[in-house]
Every structure is written in C-alpha cells, then in structure tokens.
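Please read these points with the sequence and the model open side by side.

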Amino acid sequence: KIDDELGKKLGAKDLSDLKNLIKTQIKNQYQNTLETITKKKILEQIEKSHNIELPENLVEQETKIITQNFKKEEIEKNKKEHVKLAKARIKTGLILNEIGLKNNLKINESEIKNEIEKQIKSMPGQEKMVMEYYQKNPSALASLRGALYEDKVIELIKTKIKLEKKTIKTKEAEEILKKISEDSKVSKSSDAKKQQKKTKITKKK
C-alpha cells in the first residue's frame, strides 16, 4: 500500500516527503549526467587542440596499464585503439596538469576529507570500510586527489570558455555515459605527471 507508512519505512517523513526525495534524487542524477558529458566534451577538445611529442616508452607504459586485464587476443586485435586511447590520456593529463600549475591550483587535505565524507554518506553502515580502504591504499588516495585536481581544472576551464546548450535524447546520453564508463575503468597513468618536463606542448595553429 502506497501511503505515509510506506514513506516512513523508506526513510522519509511521509509519502509527500518520499516523493520529494525521489524527485531530488532524479534531478541530481540528471545533473551529474550532464556534468559528466560536459567534462568529456571539454577533455576531447583539449586533446584535439594540442600537439604533444610523447616519449614512446610513456605511451607503452600507459598502453600496458590500459590492457593489463585484457586477454592476449583482445590486446592484439584492438592494439591501435589502445595506443590511441593511451596517447589521449597522457595528452589530456599533461595539459590539465600544466593549466593547474599555471593557475596555482592545488588540492588541500580538507577537500580530500570532504570527498571521503561524501562517499561515506552515500554508503551507510560502511564508514569503517571506506576509511580503512583509503588508509591502507595510498594509491587509492592518490587517485582520489588526482580526480579532484582534474575536476578543479575543468571547473576553471568552464569559467574561461563559452558553453553552448544542446538538447540530446536519453538514448544518446546513455551511449555517451557508457563510453565514459568504459574509459574510466582504467585510471590515468601517474607517470604522465612525472614525465611532464620530458614533453613539448605546442598549440595548434
């Protein structure tokens, strides 16, 4: 029976409150989806608008990271695509890092703490597990810092460019998100930042 009691059982004050919570959740999901798509488009434009001389060993390292969980047959079959993805990841990573450095962008400990707290709130009852995960995995903490840094650079870029509004169908949005999800399964190589001085970045004319 759909009534106030059902709303209370699901953590709301009453049925009306439950409806409002659902509406808010759906709105947030759509907003997150739009932000994800916007970020992807910005990264694509950044990658296309710069020429970077990349060391072969760096490309090889990133390609190995991308294909580390793939079967040998799959690696050979999609070799060109993997190399292309590796180059794109390294390029965008280097460019974003340079933009961040030029604008003195940094991620402080309070920002990391706030993000971890957000994750804890989204996983009720698993607070200890989340905290232990980051405490025991320095690489996970470094990855989190990297993601926050990237988001901060993207937000800076948004303030300096003109974004055009575009209406897309739900199916198109789902396809874009599916592609983003597949790409994000592999984290960006941390070696990219270490090799920053070994690369030469030139703006396309």
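1. With which residue does lysine 39 form a salt bridge in which the closest N and O atoms are 2.8 Å apart? The partner is aspartate 151. Note that this is a predicted model. The pair links distant parts of the chain, since lysine 39 is in helix H2 and aspartate 151 is in helix H8, 112 residues apart.

2. Glutamate 150 also forms a salt bridge with lysine 39, and here the closest N and O atoms are 2.7 Å apart. Glutamate 150 lies in helix H8 and lysine 39 in helix H2, so this pair ties together parts that are 111 residues apart in sequence.

3. Glutamate 150 is buried, with a relative accessible area of 14%. Lysine 39 is partly exposed at 21%, and aspartate 151 is partly exposed at 35%.

4. Glutamate 44 is partly exposed at 26% relative accessibility. Lysine 40 has a relative accessible area of 19% and is buried, because the cut-off is under 20%.

5. Helix H2 covers residues 15-48 and spans 50 Å from its first C-alpha to its last, close to the expected 50 Å. Its buried residues include Leu15, Leu18, Ile37 and Ile46.

6. The salt bridge count comes to nine.

Notes:
Residues numbered from 1 in each chain as written. Predicted model: local features only at pLDDT ≥ 70, side-chain atom pairs only at ≥ 80, totals over all residues. Heavy atoms only, no water. Helix = DSSP H or I, 4+ residues; strand = E, 2+ residues; numbered from the N terminus. Expected span 1.5 Å × (residues − 1). Buried < 20%, exposed > 50% of the residue type's maximum accessible area, 1.4 Å probe, protein only. Salt bridge = Lys/Arg side-chain N within 4 Å of Asp/Glu carboxyl O.
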